[in-house]
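Q: I would like to learn how to read a few features of a structure. Could we take them one at a time?

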Amino acid sequence: MIPCRRFGRTELQMPLLSLGGMRFQQSWKDLNPEDVEKASQLNLENILEKSILLGLHHIETARHYGSSEVQLGIGMQNIPDEHRILQTKVPPKNNPEEFEADMELSFRRLGCRRVDLLSIHGINLPEHLEQTLRPGGCLDIVKKWQRHGRVGFVGFSTHAETYLILKAI
């Protein structure tokens, strides 16, 4: 069984290993569920089953990981896990309405009403941080979804330089 630790201030018991969805897809392009090949979906579902047995309950994916969200959505319906911690990542947009539309699409593809963890994906440039934090920006959308019980905890991902990471924190 994979050991767990408290995840920051969230009090979530997070496995030390996560099941990352970046390569957890048939295609880097968005696919409709009916376009997912049976063999590809079966492979993903076999991994989900094995992960549950090992205590690997944290699944992480992202809006732009191709068919990952669609396939995980199907797989999570077929392979339930009462301990699952679901995380997806959505990149900031200059237009917060477009960001919210991407969130809606992610949730629809994942087949879920709520995610435990949502990351603003790729705060790599100062303009990404501005799009996220400005009044009426992407973080305000996320906070609205939190108030409606659709999002648990919020974080961010980045490949930025240290100064920008510190500013984001």
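**Reading strands and surfaces**

A: This is a predicted model. Strand 5 (residues 85–90) and strand 6 run parallel and are joined by four bridges. Within this pair, Lys 89 stands opposite Ser 119 of strand 6. Between the two strands the chain passes through helix 3 (residues 96–110), and the β-α-β crossover is right-handed.

Q: Over how many bridges do strand 6 and strand 7 pair, and in which sense?

A: Strand 7 (residues 151–156) pairs with strand 6 over five bridges, in the parallel sense. Here Val 115 is opposite Val 151 in strand 7.

Q: How many of the residues of strand 6 are buried?

A: A residue counts as buried under 20% relative accessible area. In strand 6 (residues 115–120), five of the six residues are buried, so the strand is largely enclosed by the rest of the structure. As a general point, side chains in a regular strand alternate between the two faces of the sheet.

Q: Is Glu 100 buried or exposed?

A: Glu 100, which is found in helix 3, has 13% relative accessibility and therefore counts as buried. Leaving aside residues up to four places away in sequence, Glu 100 touches Ile 141, Lys 144 and Trp 145.

Q: Which residues make the nonpolar surface patch?

A: Exposed means over 50% relative accessible area, whereas a residue can join a patch at over 30%, given no salt bridge. Phe 156, Leu 166 and Ile 169 make a nonpolar patch of about 330 Å². Of these, Leu 166 is found in helix 6 (residues 162–168). Leu 166 has a relative accessible area of 57%, so Leu 166 is exposed.

Notes. Residues numbered from 1 in each chain as written. Predicted model: local features only at pLDDT ≥ 70, side-chain atom pairs only at ≥ 80, totals over all residues. Heavy atoms only, no water. Buried < 20%, exposed > 50% of the residue type's maximum accessible area, 1.4 Å probe, protein only. Pairing = 2+ DSSP bridges. Right-handed = clockwise from strand over helix to strand, strands pointing away. Patch = residues over 30% accessible without salt bridge, like charges linked within 9 Å, V, L, I, M, F, W, Y side chains within 5 Å. Areas by Shrake-Rupley, 256 points an atom, 1.4 Å probe, with all protein chains shown as cover. Salt bridge = Lys/Arg side-chain N within 4 Å of Asp/Glu carboxyl O. Contact = heavy atoms within 4.5 Å.
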